[in-house]
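Hello,

Here is the structure we talked about. Please open it first, then read the notes below.

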Amino acid sequence: MKRVLSVLVVLMLVLSVSAIAMAETVEEALQAAASMSNEELYEKAKEEIAAGGQVNFYSTTSFAEKAASNFMNDYPELNGKVVYAEIDDGETYTILPSTIGSGVKDAVDMALIQNGPDLKTYLLDEGLSYSYFPEAMKDVVDEHNQEPPVITFINSLLIYHNGNGSINLNNIWQLTEPEWNGKVFFKDPTKETVNLNFLMMLTSPEWSDRLAKAYEDFYGTPFQSKEFKNAGYAWIDGFLKNVNYTYTSASKIATGIASGNPGNLGLFVFSKLRKVDEADRGNLTVVQFENEVDGFSGFMYPVYATVAYDTECPYTCALFINYLLTEAGFGGEKSWNSNQGYYSPNKTILKPEDLEDEPYEYWSTRLVFEDLDYIDENYADAYEFIAVRVG
Amino acid sequence: MTQLKYRIKAFFGKPSNILLVVFLVTLVVLSLIPLITMLSNMFTIHLGTEKKLYRMEVGSYTLKHFQRLFAGDDWSRVNFWTPLINSFIVACGSGVLGIVIGGTVAWFITRSDLKCKSFISSVFVFPYMMPAWTLALFWTNMFQNSKVGGGNIGMVESVFGICMPEWFVYGIFPMIIVIGLHYSPFAYLLIGGILKNMDATLEESATILKASRWTIIKRITVPIVLPAILSTFLLIFSSGFSSYTVPVFLGSAVKMFTLSTKMRALIQAGYQGQGYIIAFISIVLGCLILGINQWFTGKRKSFTTVTGKSGQVSLVKLRGANWPLSVIMIIFTVFFAIVPLVSFALESIIKQPGNYALSNMTLDFWVGTEGSTYETGMISGILLNPTMWSALGRQVLLALVVAMIVGTSGMLIGYACVQRRGTKLSQAVESLAFFPYLMPAMSFGTIYLAVATSQNFKFLYGTFAILVLVASVKFLPFASRSGVNSMLQIAPEIEESAIIFGTPWVTRMTRILFPIQKSSILSGYLLPVMSVMREVALFTLLVPYARYLLTTMLFSFNETGYSQYGSAVTLLIIVVIIIINNLTNKLTGASFDKGIGG
């Protein structure tokens, strides 16, 4: 009897070790998932859920909650198993690196987060999370938006209170002039990383050249400076001198400008216009809808999807990301596409015609975009330059 | 060997020694481990910016964070020296203001025949029940005007057409006012508790000896309440110094930053080492003040005011000044305690900010449903929202659990420290119990996050238990101070008499010491309730999601601009605190304010 038991124990140990050795890693599962159909993924997801899995996903954008709800309606056997939690931009890269891999209960399985450079530095480069992108979508999403995968773009635009008529802003250097002192509203870039990334991008060769050209157009002389490295730094210096930080969020900037002094201008998230009361909405004008601006009209930043390396539900995460990249996920009821200021990287998803907005392609030539590698390499220099000027 | 055994037995034969040893071990684990974690973070390279900037391995040791922060260039001026000066001014100003206002009100309530005491006493504590930043929001709602900030019109300009200058609306001045007012009820409670229990014969003797009223106040009243004043100043100073939310709402507009806002910004930007140095410096400053306080109280040994000889308090007759003073006091109290509530109530029902017309009002933010036009960010108005009720339930439960732990610990620490006053063990426990207060809540939360996500303690992360743990340690100083202060007032002869009669320790505590100082000890239970009910910085990193607790939900609303929901939740928090206060009053006869007069 003892001998039989011993054999059984050894056999079980061997089987367990083999099972562990053969277990698919999350990275392998995501690679496999990339070439699967949604039906196949759904089957795999059902297995994960049946095994007790649950997808805890964090997001900086509140529309993700509705998207998850729509997703579970379309895939009813996953109902209640995709759990949304809101996360603040400033806390994202404190919480996620601490919790992923710690094995804590209900830790994050996937996240929809902004600030690509930090995503790269804190999660992807450290192997704490993986990017996943479905092969079926490769033709409809530009290559540079696939790794890490972009779920939505969000833009921040120059918007002003039109109570005194047009402000005639047609060159971005106007905002560095003393007449704008205290009248430009922008969220403190040391507290809002996407604002910081935007300013950092202006120091890049591409954007400093564009700013140098705009400078010449505006002042009539070529940009020359011994004080600043390039035109980008000079613009940031002049702009930050004029910025007023009264409002602590994009929503407050939108509502504050709409009900504040005529002539005030903000550079804030376009989609926040939905927070402005209808009675005040008419007070606001988007500069770009009035005229072209030499330089740029604002900036655009992506929200990325990333999957934790220790998730127990890689296939469910993959299916959810697939869903978010489709019309059903991005354009479903009360989701991103029905609002101004959100743009899918999937080029087949168009903005509704009745919305006062323009497609992604329109904005792509007028707004400043993040370049992960540039910010990653120049972060400290640019951050210190900006932080000293914020005060 | 036998002698040592007997000495140990004799040592542990005294309940106060057992208590001191138990608390010493617990507090070393819960306070010093986080501190050591923080200290090591000041000298190590972290993932991200620091790794890239210094091209060093994560975890390697360096002094570069110190070099950078104290270099004396623009970077250190902007990130350290200027915020340090600002924090110091705010902390000192609010400490002095809090004591002046709280002490004055306490004196009038306990030592004079002022009219409407009950009303003033119960309403005066309201600002302490509100999260401090909501008072900051009230201030801007009142005084913002077309000449400052974004030109949004506040109530004062709307009603009176008066535009206050920028320094009045934003910057150091309103920060001092708001923090000072927020903590003045705290000064009122601590100083008032001492004044109420003070032996009246001291003043009566001085009166018989023909001392003037001013001489009595200067030579008798003030020296007796001085330890409480110093303790209160220390607590308000530390709170003001590490205040994060008030500077965010009142300083940003005029680019006025404090050390805590810079600490958060540096940590967020990946300069963790420099952020933790700032946290450490605020702790060192707090320790310096604690040292001064210890030196002072040590010099005077104790301030016995409850001797069992006289309980009669003779009230100062205000005579002709009574009504004018009462009216001034009522107006002042109403403006800072009732008007904010009215303002929050109004803000929670208006659709368009600044427009108080009836046509602009709606109850959708309270009882709206999903179909509601003004549904923003929530699936329904807060009263119909299950998320809000869950958050409220957790917050109340947390407050009660923490109050039980902290209140009981504070009383026992107070008893043990006073019994063994002058010993190193007693000093160590008293200092350790106070120590967490000197750590900024934000960094305290960050350190506990690091501990809770480490391999050995991962079972704690995202749980209710970690919130209980962190809040119990953080708010212990309130209760331990209250415990020490109240036990210091009791003459040792009272317990000694009971010991002679062979009364067991538990009976002495529950039948003699506790009843004598019931009001002070119960304030040790109630203060943590208030603190937990309005705390956000401590919990923000430890809650699994922003809407887990009511305060983290509220801060998220206020920061992101859901002002109507924010105002509604603020009102709700105050109502809950008032209910808890009244329930305590009904059940125990004590209340947050009643212990000292009213």
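A residue is called buried here if 20 or more other C-beta atoms lie within 10 Å of its own. Keep in mind that this is a predicted model.

By that cut-off, helix H5 of chain A is mostly covered, with nine of its 11 residues buried. The buried ones are Gly90(A), Thr92(A), Tyr93(A), Thr94(A), Ile95(A), Leu96(A), Pro97(A), Ser98(A) and Thr99(A). What do they pack against? Within chain A, the buried residues of H5(A) meet strand E3 (110–113) and H6. Across in chain B, their partners are helix H15 (259–268) and H21. Just past H5(A), Gly101(A) has a positive phi of about 85°.

Now the contact between the chains. It draws 49 residues from chain A and 42 from chain B. On the chain A side, the elements that give two or more residues include strand E2 (82–86), helix H6 (116–124) and helix H16 (372–390). Which element gives the most to that side? H5(A) does, with seven residues. By class, the chain A side has 15 nonpolar, 21 polar and 13 charged residues.

Next, the partner helix in chain B. H21(B) covers residues 441–452. Its 12 residues reach 16 Å from first C-alpha to last, close to the 16 Å expected. H21(B) is mostly covered as well: 11 of its 12 residues are buried. Among them are Phe444(B), Gly445(B) and Tyr448(B). Those three are also touched by Val470(B). Val470(B) touches Leu538(B) and Leu542(B) too, leaving aside residues up to four places away in sequence.

Val470(B) leads on to the core. The largest nonpolar core has 300 residues. Val470(B) is one of those with the most contacts inside it, along with Ala136(B), Val178(B), Ile191(B) and Val569(B). Helix H11 of chain B (residues 172–197) supplies the largest share of this core, 15 residues. Domain 1 (25–152 + 302–359) and domain 2 (154–301 + 368–390) of chain A both give residues to this core, so it lies between them.

Last, some overall figures for chain A:

- Secondary structure: 16 helices and 12 strands.
- Box filled by the C-alpha atoms along the principal axes: roughly 95 × 45 × 35 Å.
- Buried share: 53% of its 391 residues.
- Contacts between residues at least 6 apart in sequence: 79% join residues at least 24 apart.

Best wishes

Notes:
Residues numbered from 1 in each chain as written. Chains lettered and ligands numbered in written order. Predicted model: local features only at pLDDT ≥ 70, side-chain atom pairs only at ≥ 80, totals over all residues. Contact = placed C-beta atoms within 7 Å. Helix = DSSP H or I, 4+ residues; strand = E, 2+ residues; numbered from the N terminus. Nonpolar A, V, L, I, M, F, W, Y, C, P; charged D, E, K, R; others polar. Core = buried A, V, L, I, M, F, W, Y, C linked by C-beta atoms within 7 Å. Domains from an automatic or database assignment. Expected span 1.5 Å × (residues − 1).
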